[in-house]
Amino acid sequence: MTTQTHTADSHELIRVRGARVNNLQDISVEIPKRRLTVFTGVSGSGKSSLVFGTIAAESQRMINETYSAFIQGFMPTMARPDVDVLEGLTTAILVDQERLGANPRSTLGTVTDVNAMLRIVFSRLAQPHVGSPLAYSFNVPSISGAGAVAFEKGGRTVKERRSFNVVGGMCPRCEGRGSVTDFDLTALFDADKSLSEGALKIPGYSMDGWYGRIFSGCGLFSMDKKLGKFTKRELEDLLYKEPTKIKVEGINLTYEGLIPKIQKSFLSKDVEAMQPHIRAFVERAVTFTTCPECHGTRLAEHARNSKIDGKSIADLCSLQISDLSEWVHSLHETSVAPLLSALGKSLDSFVDIGLGYLSLDRASGTLSGGEAQRTKMIRHLGSSLTDVTYIFDEPSIGLHPHDIARMNQLLLQLRDKGNTVLVVEHKPEMIEIADHVVDLGPLAGSEGGKVMYEGTVKGLRSSDTITGHHLDDRATLKPVLRNPSGSLPVRGANANNLKNVDVDIPLGVLTVITGVAGSGKSSLINGSVSPLDGVITVDQGAIKGSRRSNPATYTGMLEPIRKAFAKANGVKAALFSPNSEGACPSCKGAGVTYIDLGMMAGVATTCEECDGKRFQALVLDYLLDGRDINEVLSMSVTEAGEFFGSGAAKIPAAHKILTRLADVGLGYLRIGQPLTTLSGGERQRLKLATKMAETGDVYVLDEPTTGLHLADVQNLLALLDRLVDSGKSVIVIEHHQAVMAHADRIIDVGPGAGHDGGTVVFEGSPAELVAGKSTLTAKYLAEYIGA
């Protein structure tokens, strides 16, 4: 008896034909379903454009189109990617590196719903009983009220007296934030000036705009009276008055005191997520102290006093998750058994994925990109869904080689359940487990965007591609080590999980701080070294910039270029900015015009007036050494470096910035390319190039290999060597074995994560570390170099 293959079983591939998103050059690929496919290539070669910008974007767009037009009106609209054919798509679930929200009310427990389950357990079992799960939530205030209500019933109006009472868990003193704020009034205003003289020192509070009209029209105080001579009532109204309706020039407005206004507009965000000038003001004007009433737990007294086996919900949320998991498994209450089982599985997932060292009360905005990505993975690990496409963006980020082995097992588990797993990755350990590899290149930017190889890992090794050549690269220990010129003593470091660490960090050399994720590396350096004067820190924080921002504006390079154009042509410098007077009036300097199509994706079309050049026609008539401003912004960093390095267009200030950009491996970027089109690795190196301009003797780099291809790591090491040889001290927090092998000195923090870490387990040269083989790092470094 012959069995015929069902037609439905023939759709075994995701087919992409003619993809042109960003720098993709009309490429076509076939990706096998229910397999693990890794996308490789140098940073900026087009991996994310293919996986996220094409496959994931179209999958999400098509899912959105299954909803009614009414619901689509409330959803974000998505344009169709620039691709000819996309076939065989399945539902795509993205697990990217985007940080979790920086809302100060958001914690690890709230973003993963573990807190929600824990609150229900407490509402059923805790003594004394204080109410529903809301009574244990620090985001819900306790409120009560009573009054008369009128409603229609049976054709007549009925009046009744009703009351309500909601018991929430929010601490009334700090409103569930865990900290209280105190304002330094001298940082808010200058008492020797009047409001009309510009007494206010708050960013954005100019008396020339609406704030000036509101203050002058409120009638509560004189605009010309010095603030130091305000009566107690006038000062109270200026600083603390509750929102009050006023009428200014016939317009209904609301007046509110400065401090509640600042609390709503500035302090509703996490300090780390603020714009630099706002953050500087907040750090100068506001002091945050632990709430004296709830002691930082965010909870009201009744929630803190309600306990299970002597532990409150605040006690449990402050526990390391691996310890909390043990506590939950020790509870045997049949009345809530299904809930305890689900809660235990969620907590075990944290441990399995290498995040057992965190606690549920950890603010979500403080998680690193790698921690945030793994946190997002947790909800998918126990999912019963199959035939789903899971898409991961460098899941090895922030992981020690020991943790990468565990991550590999999790990815294979997802695949073995019948899912398609797509991974953008550079680490050889993760490329090794692929069933299928797609290598993009050959280089980055406009010189990339082509498929260089498709097939097995074995075939990639023997292929004539950059990735193939470097896949088996193994570092060797440096034969000659630099001698330190001094040391930076750290004494009694106890931030987070550190256990009164004493260590001397050598100066004048390349020092690598390593250890498993959560061991205390960042706590040691960020807590004890980064705040010191003369220390320049390049962290993993995202670059803030819109599609109007580009490398030229971000680095400050555009300013001397504009001035050079203005001087050469005898006109204003503002003409040479697409965000100022020189902008095309039709597209307002955006280069494209957007047509809103309601609930469907808006259409962006190249501006017909400026042809996408973003400038007025008359601006393009002004030349500098034969080039207009659009042609200059279209140059690559390398081209611009040559252009501004000599001849009539010589601009030393711009050339210096361009040299730094080339040094960090960004020579292929166009200087006018929108920041939104840059990959994660490119953004970090752009930040590094900018920080190199600052004056300091010590550089701290937090995982600079993030987003770097194997071939680019050698360029990074050469850059670090140049920094050290110029007299700087370089401290690198890193897991990459090639960087460890290149160090003059290694400080290994561990031995484990969370309360199992927090001590220095090794100090010395890489050769001594490998010879001792006493730590996890030593074991994996020895394997890497073949010792």
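A: Let us begin with helix α7 (residues 232-240) and helix α8 (residues 258-265), whose axes come within 4 Å and cross at roughly 10°. Axes here are lines fitted to C-alpha atoms, for helices over the stretch in contact, and angles run from 0 to 180 degrees between N-to-C directions. Helices are DSSP runs (H or I, at least four residues), numbered from the N terminus. This is a predicted model, where local features need pLDDT of at least 70 and side-chain atom pairs count only at pLDDT 80 or more, while totals for chains, interfaces and linings use all residues. Residues are numbered from 1 along each chain as its sequence is written, and side-chain values use heavy atoms, with hydrogens and water left out.

Q: So is α7 roughly parallel or antiparallel to α8?
A: The crossing angle makes α7 roughly parallel to α8, as angles under 35 degrees count as roughly parallel, over 145 as roughly antiparallel, 65 to 115 as roughly perpendicular and the rest as oblique.

Q: Which residues of α7 and α8 meet?
A: From α7 there are L238, L239 and Y240, and they meet L258, I259 and P260 of α8, where contact means heavy atoms within 4.5 Å.

Q: What about α12 and α13, how do their axes cross?
A: Helix α12 (residues 321-330) and helix α13 (residues 337-352) have axes that come within 9 Å and cross at roughly 155°, and therefore α12 and α13 are roughly antiparallel to each other. Among the residues making that contact are L324 and V328 of α12, and L343 and L347 of α13.

Q: Changing topic, where is S194, and is it buried or exposed?
A: S194 sits in the loop between α5 (185-188) and α6 (210-218), and because its relative accessibility is 2%, S194 counts as buried. Buried means under 20% relative accessible area, exposed over 50%, and partly exposed in between (1.4 Å probe, protein chains only).

Q: What does the side chain of S194 pair up with?
A: The side chains of S194 and S196 are joined by a polar contact of 3.1 Å, and a polar atom of the S194 side chain lies 3.4 Å from the backbone oxygen of M223. A polar contact is a pair of N or O atoms within 3.5 Å; within protein, one must be able to donate a hydrogen and the other to accept it, and residues adjacent in sequence count only if both atoms are side-chain atoms.

Q: And T66, buried or exposed?
A: T66, in the loop between α1 (47-64) and α2 (69-72), counts as exposed because its relative accessibility is 62%.

Technical notes
Helices (H or I, at least four residues) and strands (E, at least two) are DSSP runs, numbered from the N terminus.
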